[in-house]
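I am opening a notebook on a structure that is new to me, and I want to record what I looked up in the order in which I looked.

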Amino acid sequence: MAVQVEFKKYELPPLPYKVDALEPYISKDIIDVHYNGHHKGYVNGANSFLDRMNKLVKGELASGQYDMMGLMRGLVFNINGHKLHAMYWNMMAPNGKGGGKPGGALADLIDKQYGSFEKFKQVFNDAANSLPGTGWTVLYYDQENGNLQIMTFENHFQNHIAELPIVMIVDEFEHAYYLQYKNKRTDYINAWWNLANWDEAEKKLQKYLKS
């Protein structure tokens with residue numbers, strides 16, 4: 001009896017708040033287009049490439065009928081687009097519930113490594129503003145030495161440090177801010193700090209501290 005093989009599809013997760021919950025810092029129009037257009041598009045794109053992978057595994061695509069490198073890049077681009085956005089939504093909290101400064105172990109690590117939250121914020125902003133095109137700025141936690149490591153990703157192809165989990169992330173694709181901030185990405189980054197969900201970041205960090 002043949003075993004049924006199938007790659008499971010991805011699903012668009014629900015937004016953790018209403019589309020207007022991040023105003024005035026990020027408009028409801030941006031969230032609507034960003035979530036229902038771009039994020040949903042990455043989920044659909046990932047599933048489309050998984051369909052092609054399913055056909056390949058089942059022998060429905062003969063040699064020469066597919067481009068393996070193109071298939072891999074398509075999967076990476078769309079799966080990362082989905083997963084990074086899923087993290088991004090949760091890394092922001094509605095106006096009045098986010099922003100300020102972190103507390104707990106995250107605050108202690110920031111003070112120990114960067115000297116102060118203000119210096120950490122400056123370095124994070126410098127990294128975010130250094131990104132040459134579209135992509136992401138992320139904060140990693142390195143379990144080997146306890147460092148908080150800031151890194152940028154170009155597009156969805158990551159400058160990933162092996163095994164390091166992400167604690168905080170911010171989207172720098174133009175679709176994340178252009179309807180409201182036009183080409184002033186710096187203004188968007190400055191506004192984003194008012195939404196930073198430090199409770200979520202602390203929760204993620206605590207999971208890695210205990211593992």
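**Entry 1: the sheet and the helix across it**

I looked up helix H7 and found that H7 lies across E1 and E3, running at about 145° to E3. The axes behind that angle are lines fitted to C-alpha atoms, for helices over the stretch in contact, with angles from 0 to 180 degrees between N-to-C directions; contact here means heavy atoms within 4.5 Å. The helices (H or I, at least four residues) and strands (E, at least two) are DSSP runs, numbered from the N terminus.

Before going on I note that this is a predicted model, in which local features need pLDDT of at least 70 and side-chain atom pairs count only at pLDDT 80 or more, while totals for chains, interfaces and linings use all residues. Residues are numbered from 1 along each chain as its sequence is written, and side-chain values use heavy atoms, with hydrogens and water left out.

I then traced the strands, and they form an open sheet of 3 strands in the order E2-E1-E3, with antiparallel pairing. Strand E2 (147-154) and strand E3 (166-171) are the edge strands, each having a single partner strand, so one side of each has no neighbour in the sheet. On average, neighbouring strands of this sheet are turned by 15° against each other, direction ignored. Two strands count as paired if DSSP finds at least two bridges between them, and strand E1 (residues 135-142) is joined to E3 by 5 bridges, the two running antiparallel. I followed two positions across this pairing: Tyr140 has Ile166 in E3 as its bridge partner, and Val138 stands opposite Ile169 in E3.

Is E3 largely enclosed or left open by the rest of the structure? I found 6 of the 6 residues of E3 to be buried, so E3 is largely enclosed by the rest of the structure. Buried means under 20% relative accessible area, exposed means over 50%, and partly exposed lies in between (1.4 Å probe, protein chains only).

**Entry 2: the nonpolar cores**

Which residues touch the most other members of the largest nonpolar core? Of its 53 residues, these are Tyr88 and Phe120. A nonpolar core is a set of buried Ala, Val, Leu, Ile, Met, Phe, Trp, Tyr and Cys residues joined through side-chain atoms within 4.5 Å. I listed what Tyr88 touches, not counting residues up to four places away in sequence, and the list includes Ile26, Trp136, Ile169, Tyr188 and Trp192. Another core, of 8 residues, lies apart from the largest one, and among its members are Ala46, Leu50, Leu56 and Leu71.

**Entry 3: two polar side chains**

At 0% relative accessibility, Glu172 counts as buried. Its side chain makes a polar contact of 2.3 Å with the side chain of Thr137, and a further one, of 3.2 Å, joins the side chains of Glu172 and Arg185. A polar contact is a pair of N or O atoms within 3.5 Å; within protein, one must be able to donate a hydrogen and the other to accept it, and residues adjacent in sequence count only if both atoms are side-chain atoms. Leaving aside neighbours within four places in sequence, Glu172 is also in contact with residues including Ala128, Leu131, Tyr177 and Ile189.

For Asn36, I found a place in helix H1 and a relative accessibility of 39%, which counts as partly exposed. The side chain of Asn36 makes a polar contact with the side chain of Asp32 (2.6 Å).

**Entry 4: the salt bridges**

How many salt bridges does a search of the whole structure find? The search finds 5, a salt bridge being a side-chain nitrogen of Lys or Arg within 4 Å of a carboxyl oxygen of Asp or Glu.

- Lys9 and Asp51 meet through their side chains at 2.8 Å, N to O. The pair links distant parts of the chain, with Lys9 in the segment before helix H1 (28-57) and Asp51 in helix H1, 42 residues apart. Lys9 is partly exposed at 40% relative accessibility, and Asp51 is partly exposed at 32%.
- Glu118 and Lys101 form a salt bridge of 3.0 Å, N to O. This pair also links distant parts of the chain, Glu118 being in helix H4 (residues 117-130) and Lys101 in the loop between helix H2 (68-90) and helix H3 (104-114), 17 residues apart.
- Lys203 and Glu200 meet at 3.7 Å, N to O, and both lie in helix H7 (residues 198-210), 3 residues apart, about one turn of the helix.
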